[in-house]
Amino acid sequence: MNPIKVGIVGLRHGMASVKEVLDNADFELVALCSRTRESYDYLCGAQIGGDIDSVTFTEPRDALIRHCRARRNFREVAFYTDYDAFLDHHNLEAVIVAVPIALNAEYPVRALNKGKHVLASKPFAPTLEAGRALKQTAEQAAAKFMVNYEFRYAPLMQAIRGQIEAGAIGTLRLMWWNMFRMPFRPVYANWAASGGPFMAEVCHWFDLFHMFNAWTPFKKVCAFAGLDVLGDRQEIDDNAVCIIEYANGVRAGINYTYFTDQPQHNLFGVVGDGGKITADTDAAGRYVLYNGAEQNRTEFAPNPSRAHRGHLGFDVAHRRFARVIRDDLDVNRDEAERGFESLLISIAARRAGDEGRVISREDALAG
Amino acid sequence: DRARLPNHVAQVRRVREHPDMGRVEDFRDFEDVLRRDDIEAVFLYVPDALHEDFARRALEAGKYVLCTKPMAHSLASARRMAEAAQAHPGHFMLGFQFCYSAFIRAALDIIARGRIGTVRQLYFEHHRKPFRPPHRRKYAAVDGSVTKEGCHWLDLFYRLGGQSPFQRVCAFGGLDVLADIQDVDDNGVIILQYRNGLKAFYGYSYFRSRRPGWGLTVVGDRGSMQGDFTTLYVENEDGEETIEVYREASPPYRSGHHGYYEMHDAFAAMILEGQEPYSNWRTGLENELTAYAAQRAVMENRTVTREEAEQAAQREEPAEKGGCG
């Protein structure tokens, strides 16, 4: 079977996707697109300077570049600075989108409208209006559409989801997530670029809660947020506490701080009426299940050797994208609805944080 | 009930064997206790609705008073108690034992040394078995799991967060699992914001016994702490440290009421050395106001401001003679 002819737009975080497609025999990388040639030149062998921005999703960017150029002669890979020309590349079948958040909806829409399969990036869209347009386009598209909410596919999260679905904690009643991390990179430090922490990052945890709770929609959300420590370097909030209630009565709390890069970045738990699970995402992550009459303790830890530090499930999400295309899986409606749900609650949480009051689903949908 | 209260049975046995028990008198009327000049101090473990009456009478009789939490069954009653305590300086202490525990003292020491910088966020998770039957009923218009027990954790937030007054609170809570045995909320999620910018999250459920049942997280702008009253994990830019707090804890730590002995030590220090305890009428009144606002937020699933709670404190609310004791 011929590999899927794939292109990647955006070569900053997108460099991690370059590595994934090169490591996956289901893909053949045929085209790249970026506003500047710098990253492409690195891939073609240009000397990597000391001032390279090393941050990417999965591992240091210079290491990714070295890994990639050892796997492929990039002079054989077409390079474009113009997105339309990239989409018109003669044999391009699929597009992986890794662009600034402001373009997260527009670029997938344009690719889908040209019949390309799309692996979009989170957050689903920068605005509700753009999210609605992407949702509608994806639901009606003949090409495949998937959003790269990679944590959803991590073995740790799938194992927890499996325990919940198997009834190991009884009926799910409550979820919580505490995130502690270093400040955002400067490029995300303003509202216009990132949309703030709920939109740019917490959307992952909203998505996981949505999955753990059998994709039940949220009903209302409240948050208290502030910029209390990092005011000299950013304009977006640096900490918040947030609560959610879902349509099935499940309740949740999500709290974040961007003050320190602590050893445990994410601590979270799910509580049912018959047990509970506590977990973290260090290395490949681990969880502890407490259930049974004696509150037995069961520990689980996936093999960390394949885990992407900080972005669990990144590799699995790319493999799934290939399978969705190969097996003609009908995923567009679910992917669009779930992506839009994550966007909606992110917008609602930010608004709740701004206004310090409960924002209902209806409030959020009304814009 | 030996099966359900093993620690209580053991404590009763120990008390029975104490040589002083032979000299302890039994009274049916509290006035008889108050009339005795040789009784200097009283511990009040009566239902919440009687706290004000018993405390006021004891203070007016010149006794030292250690009154169990919460301060009272209503905000108006708590304010009157505070007035009575103010009129008898150095004679009133409120029984919030957890804030005296070795765990909280260790956490306060770490904060005081600046090891985690300024405290910015606090989280408390508490998942436990259902209340004993006397606590399952509502005894006031605004009553529930927060006013009955969550007040402990709100008190810890207040102390660890630098005793800044709360500004607003929002909550989603309800009675979803235990409706056949109780009429107070059995789960909820609560967020609070304080005047100094501190934010806090409290999540709780009363469905079944948990192990471990609780966890506290303190996030500063230079580090953080996590623990469960027996172990305290601290991390900052200098590294990580795990402190086995329970080695220094008072004997009944297994019963869950951490700090209980130390609280009584503080009461003795108030009487013998004139040391004002942390849990006094001021902190008690603030706790009552915070718990009221949080419970109201749980009941109505909305944001309640400090101003709204203070206005409610001006009004008397109906109460039954019952509740925790």
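A disulfide is taken here as a pair of cysteine sulfur atoms within 2.5 Å. I began with this term, since the cysteines were my opening topic.

**Basis of the entries.** I worked from a predicted model, in which local features need pLDDT of at least 70, side-chain atom pairs count only at pLDDT 80 or more, and totals for chains, interfaces and linings use all residues. Residues are numbered from 1 along each chain as its sequence is written, chains are lettered from A and ligands numbered from 1 in the order in which they are written, and side-chain values use heavy atoms, with hydrogens and water left out.

**Cysteines.** I looked for disulfides over all chains and found 0. Cys44(A) is in no disulfide, and the nearest cysteine sulfur, that of Cys68(A), is 12 Å away. Cys44(A) is also buried, at a relative accessible area of 18%; buried means under 20% relative accessible area, exposed over 50%, and partly exposed in between, with a 1.4 Å probe and protein chains only. Cys67(B) is buried, with a relative accessible area of 0%.

**Interface of chain B and chain A.** I then turned to the contact (heavy atoms within 4.5 Å). Chain B gives 47 residues to the contact and chain A gives 52 residues. The two chains bury about 3700 Å² between them, 60% of it on carbon and sulfur atoms; buried area is the accessible area (1.4 Å probe) that two parts lose on being put together, summed over both. I counted 2 salt bridges between chain B and chain A, a salt bridge being a side-chain nitrogen of Lys or Arg within 4 Å of a carboxyl oxygen of Asp or Glu. One salt bridge pairs Arg251(A) with Asp176(B), where the closest N and O atoms are 2.8 Å apart. By class, the side of chain B that touches chain A has 17 nonpolar, 17 polar and 13 charged residues. For these classes, Ala, Val, Leu, Ile, Met, Phe, Trp, Tyr, Cys and Pro count as nonpolar, Asp, Glu, Lys and Arg as charged, and the others, Gly among them, as polar.

**His210(A).** I located His210(A) in helix α9 (residues 197-212) of chain A; helices (H or I, at least four residues) and strands (E, at least two) are DSSP runs, numbered from the N terminus. His210(A) counts as buried at 7% relative accessibility. Not counting residues up to four places away in sequence, His210(A) touches Trp215(A), Thr216(A), Pro217(A), Arg338(A) and Glu341(A). I also noted that His210(A) and Ile347(A) are 137 residues apart in sequence and 15 Å apart in space, C-alpha to C-alpha.

**Backbone entries.** I recorded a cis peptide bond between Lys122(A) and Pro123(A), with omega about -10 degrees. Pro123(A) lies in the loop between β5 (117-120) and α6 (128-140) of chain A. In chain B, a cis peptide bond joins Lys69(B) and Pro70(B), with omega about -15 degrees. Pro70(B) is in the loop between β2 (64-68) and α4 (75-86) of chain B.

I noted that Ala214(A), a residue other than glycine, has a positive phi near 55 degrees. Ala214(A) is in the loop between α9 and β8 (218-226) of chain A and counts as exposed at 58% relative accessibility. Phe229(B), also not a glycine, has a positive phi of about 80 degrees. Phe229(B) sits in the loop between β9 and β10 of chain B and counts as buried at 3% relative accessibility.
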